[in-house]
Amino acid sequence: MSLTYILVDFDNVKPTAVVRGPQQTRYEADLAEALHSMGSQVTFTRCAKAGKNAADMQIAFLLGELVATMPASAHKSVRFVVISRDKDFDPLLMYLHDKGFDATRAA
């Protein structure tokens with residue numbers, strides 16, 4: 001069985017939800033309904049403070065936490081996808097790929 005983690009940077013991909021800045025207070029109805037149906041498989045994370053790349057840094061940290069807490073035996077069965085138009089994630093994802101993880105970015 002494989003597991004896919006999708007980390008969404010909604011600072012630059014609409015609609016605004018999942019990892020979002022503190023001023024982003026509204027959800028698009030279609031997204032909210034789709035995510036609601038996934039129940040506990042979805043976690044919403046809000047940045048504590050606004051700032052340039054705040055959501056990006058939080059996504060990078062969350063990705064690191066996931067990798068750090070994962071047993072080595074799970075590395076080949078887990079996929080990470082960062083949804084973002086920000087190409088600054090690419091070096092991090094290439095690093096993870098070089099370490100044996102399936103890690104990609106999609107705009």
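Which residues of the largest nonpolar core touch the most other members? In this predicted model, they are Leu 63, Met 70, Phe 80, Val 82, Leu 93, Leu 96 and Phe 101, out of 14 residues in that core. A nonpolar core here is a set of buried Ala, Val, Leu, Ile, Met, Phe, Trp, Tyr and Cys residues joined through side-chain atoms within 4.5 Å. Helix 2, strand 4 and helix 3 are the elements that give two or more residues to this core.

A word on conventions before the tour. Residues are numbered from 1 along each chain as its sequence is written, and side-chain values use heavy atoms, with hydrogens and water left out. Local features need pLDDT of at least 70 and side-chain atom pairs count only at pLDDT 80 or more, while totals for chains, interfaces and linings use all residues.

**Overall layout**

- The protein chain has 3 helices and 5 strands; these are DSSP runs numbered from the N terminus, with helices being H or I of at least four residues and strands being E of at least two.
- Along the sequence, the pattern reads β-β-α-β-α-β-α-β.
- Of the 107 residues in the protein chain, 35% count as buried (buried means under 20% relative accessible area, exposed over 50%, and partly exposed in between, with a 1.4 Å probe and protein chains only).
- Taking contacts between residues at least 6 apart in sequence, 56% join residues at least 24 apart (contact means heavy atoms within 4.5 Å).

**Helix 2 against helix 3**

- Helix 2 and helix 3 pack at an angle of about 10°, and their axes are 11 Å apart; axes are lines fitted to C-alpha atoms, for helices over the stretch in contact, and angles run from 0 to 180 degrees between N-to-C directions.
- That angle makes helix 2 roughly parallel to helix 3 (under 35 degrees counts as roughly parallel, over 145 as roughly antiparallel, 65 to 115 as roughly perpendicular and the rest as oblique).
- From helix 2, Ala 60, Leu 63 and Val 67 meet Leu 92, Leu 93 and Leu 96 of helix 3.
- By class, this contact has 6 nonpolar, no polar and no charged residues; Ala, Val, Leu, Ile, Met, Phe, Trp, Tyr, Cys and Pro count as nonpolar, Asp, Glu, Lys and Arg as charged, and the others, Gly among them, as polar.

- Leu 7 is found in strand 1, residues 3-8, and is buried at a relative accessible area of 8%.
- Although Leu 7 and Val 82 are 75 residues apart in sequence, their C-alpha atoms are 4.8 Å apart in space.
- Beyond its neighbours within four places in sequence, Leu 7 is in contact with Ile 59, Leu 62, Leu 63, Val 81, Val 82 and Ile 83.
- Phe 101, with neighbours within four places in sequence again left aside, is in contact with Val 67, Met 70, His 75, Phe 80 and Leu 96.

- Arg 105 sits in strand 5 and is partly exposed, with a relative accessible area of 24%.
- Not counting residues up to four places away in sequence, Arg 105 touches Val 82, Ser 84, Arg 85, Asp 86, Lys 87, Phe 89, Asp 90 and Leu 93.
- The Arg 105 side chain makes a polar contact with the side chain of Asp 90 at 2.6 Å; a polar contact is a pair of N or O atoms within 3.5 Å where, within protein, one must be able to donate a hydrogen and the other to accept it, and residues adjacent in sequence count only if both atoms are side-chain atoms.
- The side chain of Arg 105 also reaches the backbone oxygen of Ser 84 at 3.0 Å.
- Ser 84 lies in the loop between strand 4 (78-83) and helix 3 and is buried, with a relative accessible area of 0%.
- A polar atom of the Ser 84 side chain lies 2.9 Å from the backbone nitrogen of Asp 86.

**Two loop residues**

- Asn 53 is in the loop between strand 3 (45-46) and helix 2 (54-68), with a positive phi near 65° in a residue other than glycine.
- Gly 100 lies in the loop between helix 3 (90-98) and strand 5 (102-106), and is in contact with His 75 and Lys 76 when neighbours within four places in sequence are left aside.
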